[in-house]
Amino acid sequence: MNNVVELDAITRNYQRGSERIRAVNEVTFNVASGEFVAIVGPSGSGKTTLLNLIGCVDKPDNGIVRIDGEPTSDLDEAGLTRIRARKIGFVFQQFFLLPTLTALENVQLPAMFLRNGDRTAEATELLTRVGLEDRLHHLPDQLSGGEMQRVAIARALINSPRILLADEPTGSLDSANAASILDLFAQLHAEGLTCLIVTHNEAVANACNRTIQIKDGRLEK
Ligand SMILES: Nc1ncnc2c1ncn2[C@@H]1O[C@H](COP(=O)(O)OP(=O)(O)O)[C@@H](O)[C@H]1O
Ligand SMILES: [Mg+2]
């Protein structure tokens with residue numbers, strides 16, 4: 001079994017007043033280990049909702065999500081938290097670094113959560129791998145946008161996830177920083193990491209093995 005993600009007809013509805021929005025509508029696809037997949041589609045088409053379902057921050061109303069072969073629908077909050085911590089790395093457009101922590105401390109945060117001891121060495125190694133070996137003790141507001149996103153990527157990798165999920169990771173960056181973040185994803189993929197990236201950036205989509213198009217919550221064939 002070589003699929004990191006298996007989605008079987010997943011649906012997610014939102015209620016807004018009297019209106020019901022089907023944000024994700026019977027979506028089925030798999031992501032194999034080692035794949036680099038782009039999800040593209042217009043604003044409001046359900047990309048973020050889909051990523052949150054895969055990342056176990058949200059549950060589908062119908063359908064089955066399997067992460068590393070394990071169905072997530074019957075898990076309680078503790079079970080979902082375990083999968084999020086151990087299997088999923090998440091990167092966001094807005095970075096979401098804690099402003100009072102240094103780069104090194106931000107990267108270690110998800111590891112502290114698993115209580116497996118001091119991870120300074122691993123965090124330093126990851127920050128070096130993303131090109132920030134001379135920024136270890138900087139606070140987020142002392143870093144450029146591209147550097148903050150590198151810290152966020154290092155943070156997403158600290159627990160050795162099975163898959164890296166990224167929601168428009170270059171959406172807040174100028175084109176030069178976006179290109180270097182894209183290079184970083186390509187490098188991580190070349191090292192064997194499975195990546196699923198929501199993007200509007202054509203260069204990102206072109207660098208991927210496969211592009212999944214979504215419109216009005218459905219896959220476009
Ligand atoms: N928490 C929410 N409550 C109600 N509607 C939502 C919520 N989140 C998203 N939506 C709606 O679901 C649809 C898909 O949104 P989203 O997944 O954010 O799309 P995308 O990331 O492609 O822009 C949109 O119509 C959006 O307005
Ligand atoms: Mg979105």
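## Ligand shell and aromatic cluster

Me: How far is a backbone N or O atom of Gly46 from an oxygen atom of ligand 1?
Reply: This is a predicted model. A polar contact needs N or O atoms within 3.5 Å. The Gly46 backbone atom and the ligand 1 oxygen atom meet that, at 3.1 Å.

Me: Which residue has a polar side-chain atom 2.7 Å from an oxygen atom of ligand 1?
Reply: Ser45 uses a polar backbone atom, 3.2 Å from an oxygen atom of ligand 1. The side-chain atom at 2.7 Å belongs to Lys47.

Me: Which element gives the largest share of the shell around ligand 1?
Reply: Strand S1 (3–16), strand S2 (19–32) and helix H1 (47–54) each supply at least two residues. The largest share is three residues, and it comes from H1.

Me: Why is the pair of Phe90 and Phe92 stacked?
Reply: A search of the whole structure finds two aromatic pairs. In the pair of Phe90 and Phe92, the ring centres are 4.9 Å apart. Planes under 30 degrees apart count as stacked. This pair is stacked because its planes are at 0°.

Me: What is the angle between the planes of Phe92 and Phe96?
Reply: Their rings are 5.2 Å apart, centre to centre. Planes over 60 degrees apart count as edge-to-face. Phe92 and Phe96 form an edge-to-face pair, with an angle of 70°.

Me: Is Phe96 buried or exposed?
Reply: Phe90, Phe92 and Phe96 form one aromatic cluster. Phe90 is buried at 14% relative accessibility, and Phe92 is partly exposed at 27%. Exposed means over 50%. Phe96 has 52%, so it counts as exposed.

Note on methods:
Residues are numbered from 1 along each chain as its sequence is written. Chains are lettered from A and ligands numbered from 1 in the order in which they are written. This is a predicted model: local features need pLDDT of at least 70, side-chain atom pairs count only at pLDDT 80 or more; totals for chains, interfaces and linings use all residues. Side-chain values use heavy atoms; hydrogens and water are left out. Rings of Phe, Tyr and Trp (its six-membered ring) pair if their centres lie within 6.5 Å; planes under 30 degrees apart count as stacked, over 60 as edge-to-face and the rest as tilted. Buried means under 20% relative accessible area, exposed over 50%, partly exposed in between (1.4 Å probe, protein chains only). A polar contact is a pair of N or O atoms within 3.5 Å; within protein, one must be able to donate a hydrogen and the other to accept it, and residues adjacent in sequence count only if both atoms are side-chain atoms. Helices (H or I, at least four residues) and strands (E, at least two) are DSSP runs, numbered from the N terminus.
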